[in-house]
Amino acid sequence: MYCASVFFKRLTTIIVSTLVLVLSGCGSSSSDDNTSQAAANNQPNSSSDTTNSDTSTDTSTDSNTDQGTGDNSDSSDSGGDNNSSDDDSNDTAQVVGSTDGVLCDYLYNEFNDSASVQATSNADWSCDGSDRQLTANGIPDHATGTFPNQANPNTISEKNVSVSYTLTPTKTDSTTTLGGPSGATGYVLNGVKIDANTAGSCDDSGNSCSLVGNTGNWSIEALGQTSFDFGTDDNNAHVQPDGSYHYHGMPEGFIELRSGNEVTMTLIGWAADGFPIYARYGYSEAENAQSELKVMTGSYQLVETVSSNRPSTSVYALGTFAQDWEYVAGSGDLDECNGRFGVTPEFPQGIYHYYATDSYPYFQRCVKGEL
């Protein structure tokens, strides 16, 4: 009996100990889980979730944004082959038929230490949903020639430039000639106006000519002739009597600042009708952004029949006067206003646009959009 009693006591002790150990082990596991869960619960769930969500969202957003920007940039860069620039100047139009979204925040404000300038160049372009507005002081942002000079006695001075162009330009079948008293045909992005004609002229005899006044029948060209010197600099610009520095042709200094070259279509300004202006290069196939870039040529040719009233060509070679040129459709790449419809980096769906060219008329003398 004693052995049995001892046996059962020992058995009971073993069973109890075993149960304690088992229960203790389960409790430990449960306690650890609860402790871990409690620790996790002590971390703000919303913060943890938000952090994870933000991280995921930020990563996704940044990736999508970067990818989207890259895609848009590649698209706007004419398939990515012809334009390697990644700056904001290559933003694309937000809506087909509108120029909104392109260079709507162009701002320049720097001192120009060119000897003939010595002033701050300021140009501020902005868009308000319906119009593109320019506020500027007319001071160029690049080096200039010497002014005054022997052929141009005028000094560059600040001007109050304030213009507004539509963001939804509409092309028409008619043309409007601008320049001089009729107003600038447009402005380069630096706030300097485009005014390709001159106030110089000769009478029919050619014996009475003046570079001001525009009183004769034969209008003298500033560029492309050697009979008269208007004192233009390497930017094909000079200064009007009121101090306005302005372009008659290719604004070389500004194009250089914009890094324009043979592999880049370079938007340099806006015409009075709201359409964009490019410099020198355009696609060889107007509506194919994958085609090669080429130098655009105007479609003006020297007249074949010279008027009997014209001053002698032995004195003033053909090309001296505006009347020496006539538009011949199809003889170049562009229309009578030095423009055409086609795709550009900023307008991949196509838009009517103008060009500054090395050939006559150098800059457009008219616009084809509604004013």
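Visitor: To begin with, is Cys-104 buried or exposed?

Guide: Cys-104 counts as buried, at 18% relative accessibility; buried means under 20% relative accessible area, exposed over 50%, and partly exposed in between, with a 1.4 Å probe and protein chains only. The model is a predicted one, in which local features need pLDDT of at least 70 and side-chain atom pairs count only at pLDDT 80 or more, while totals for chains, interfaces and linings use all residues. Residues are numbered from 1 along each chain as its sequence is written, and side-chain values use heavy atoms, with hydrogens and water left out.

Cys-104 is joined by a disulfide to Cys-127, with an S to S distance of 2.1 Å; a disulfide here is a pair of cysteine sulfur atoms within 2.5 Å. Because Cys-104 lies in the loop between helix 2 (45-76) and strand 1 (107-112) and Cys-127 in strand 2 (residues 119-127), the pair ties together parts that are 23 residues apart in sequence. Helices (H or I, at least four residues) and strands (E, at least two) are DSSP runs, numbered from the N terminus. The torsion about the S-S bond of Cys-104 and Cys-127 is about -85 degrees, so this disulfide is left-handed. Cys-127 is partly exposed, at a relative accessible area of 23%.

The structure holds three disulfides. Another of them is formed by Cys-202 and Cys-209, whose sulfur atoms are 2.0 Å apart. This link of Cys-202 and Cys-209 is right-handed, with 115 degrees about the S-S bond. Cys-202 is buried, its relative accessible area being 0%, whereas Cys-209 is partly exposed at 28%.

The strands around this link form an open sheet of three strands, in the order 9-8-10 and with antiparallel pairing; two strands pair if DSSP finds at least two bridges between them. Strand 9 (209-210) and strand 10 (218-219) are the edge strands, each pairing on one side only. Strand 8 (residues 201-202) pairs with strand 9 in the antiparallel sense over two bridges, and Ser-201 stands opposite Ser-210 in strand 9.

A further disulfide joins Cys-337 to Cys-366, with an S to S distance of 2.0 Å. Cys-337 lies in the loop between strand 18 (325-327) and strand 19 (339-342) and Cys-366 in strand 21 (residues 366-369), so the pair ties together parts that are 29 residues apart in sequence. Both Cys-337 and Cys-366 are buried. With bonded cysteines counted along the chain, the disulfides follow the pattern 1-2, 3-4, 5-6.
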